[in-house]
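Hello! Here are a few notes on the sheets, to read alongside the model.

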Amino acid sequence: MNDLSMANTATREAFDVQAVRRDFPILSQQVNGKPLVYLDNGASAQKPTAVLDAMDRYYREMHSNVHRGAHTLGDRATAAFEGARETVRNFLNAHSTREIIWTKGTTEAINLVANGLAPRLKAGDEILVSHMEHHANIVPWQMIAERTGAKVVPIQVTPQGELDPDSFNSLLNDRTRILAITHVSNVLGTVNPVADMVCQARARGIITLLDGAQAVPHFRPDVQALDCDFYVFSSHKLFGPTGIGVLYGKAALLEDMPPYQGGGEMIERVSFERTTWNVLPYKFEAGTPAIAEAVGLGAAIDYLNRLDREAMEAAENALLERAHQLVETVPGMSIIGTAQHKVPVMSFKIEGLHPSDIGTLLDQQGIAIRTGHHCAMPLMDFYGVPGTARASFAFYNTLDEVNQLFTALQKVQRLFA
Ligand SMILES: *Cc1c(COP(=O)(O)O)cnc(C)c1O
């Protein structure tokens with residue numbers, strides 16, 4: 001029961017969207033008198049019963065503090081907690097669990113890396129990000145730049161919403177120290193050619209970080225194949241609980257970085273003369289960790305591993321294709337983000353309608369989407385819009401829900417545009 005990684009070897013079940021929906025209790029409810037259509041997965045995804053049960057069972061049967069080795073419950077909690085770390089290692093195909101650090105989420109993971117790399121930066125150094133980054137992959141770098149005299153430089157985006165390869169090539173130079181880019185854009189859905197970009201950066205000795213927050217809900221990254229130095233994501237967008245996320249980092253770099261926070265768990269020995277750090281990964285995990293949340297994230301990944309990935313990705317592609325096809329049925333509607341390679345995320349605008357009004361009117365019909373700047377203000381500026389409306393799909397969404405979204409949008413457009 002404690003060996004969560006054993007579930008990895010469980011038999012695969014075929015992908016069946018109706019069966020899958022039954023695994024997510026929150027989906028079968030009415031909102032504002034209408035069946036819920038949840039299309040805000042990019043902001044946070046829903047949790048399967050497998051996750052809820054794993055966390056409940058953890059608290060009912062094994063909770064205690066971890067890594068204390070004093071009694072049986074502590075041993076059970078530690079086994080479940082470290083089992084989840086192994087599940088994450090396997091999910092990312094990382095070399096070792098020493099390279100898997102628990103954080104609060106993507107945001108904290110990037111702050112940790114930025115702080116850890118700060119001692120390597122000096123005035124005039126450049127940190128390359130892109131114009132489509134989430135604020136979480138801009139602001140921590142700006143803060144470190146402020147401290148060190150380094151500069152944050154954005155790679156340009158094309159009107160279709162792809163990273164401009166000419167801009168990338170022209171910005172790579174001898175002052176570039178760090179390349180920090182998103183694997184998948186939370187606004188545009190664009191899947192960036194990160195393997196090539198990392199390869200080019202590494203050839204110049206540049207440290208690379210990939211923001212995988214929007215990638216992991218749709219496909220499984222392989223950090224050894226990508227060869228990036230850091231890869232980060234949040235549990236709550238991967239059908240796991242809030243409050244926990246992951247930093248993958250190559251061991252040699254992590255060894256070289258100073259700790260992020262001080263306290264319990266992260267030390268080897270403390271004295272007033274000299275304090276020494278614990279080994280990886282604990283050096284970066286000060287204080288009592290989010291144990292139940294780690295167990296929940298492990299259960300989410302185990303759940304995903306039991307689904308047929310290929311069928312799931314095909315189903316998601318069909319949702320996006322249907323959505324793109326239906327755009328012309330809503331007068332004045334246009335999509336922002338038409339990259340060749342996309343996950344099922346659709347940002348859009350409708351002439352004459354403010355995005356927040358679209359969101360409110362859809363909510364009255366039980367349809368949840370996201371509106372606003374999506375924590376990507378520089379990208380909004382690039383497109384000259386205050387915000388967009390965004391429908392972001394998960395594998396549990398149905399083609400019928402896509403149809404319902406468009407029927408609702410047609411109604412909104414007729415009434416208000
Ligand atoms: C959501 C998101 C983040 C921030 O994740 P948190 O869970 O809020 O820390 C960072 N980058 C991208 C691309 C995101 O979608």
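1. Let's begin with the open sheet of 4 strands, ordered E13-E14-E17-E16 with antiparallel pairing. Strands here are DSSP runs (E, at least two residues), numbered from the N terminus, and two of them pair if DSSP finds at least two bridges between them.

2. Strand E13 (333-336) and strand E16 (370-372) are at the edges of this sheet; each has a single partner strand, so one side of each lacks a neighbour in the sheet. From one strand to the next, the twist averages 30°, with axes fitted as lines to C-alpha atoms and angles running from 0 to 180 degrees between N-to-C directions.

3. A word on provenance: this is a predicted model, where local features need pLDDT of at least 70 and side-chain atom pairs count only at pLDDT 80 or more, while totals for chains, interfaces and linings use all residues. Residues are numbered from 1 along each chain as its sequence is written, and side-chain values use heavy atoms, leaving out hydrogens and water.

4. Which residue stands opposite methionine 333 in E14? That is isoleucine 350. E13 and strand E14 (residues 345-350) run antiparallel and are joined by 4 bridges.

5. Another open sheet has 7 strands in the order E4-E10-E9-E8-E7-E5-E6, and its pairing is mixed. Its edge strands, E4 (100-103) and E6 (151-155), each pair on one side only. Here the twist averages 20° from one strand to the next.

6. Threonine 103 stands opposite glycine 245 in E10.
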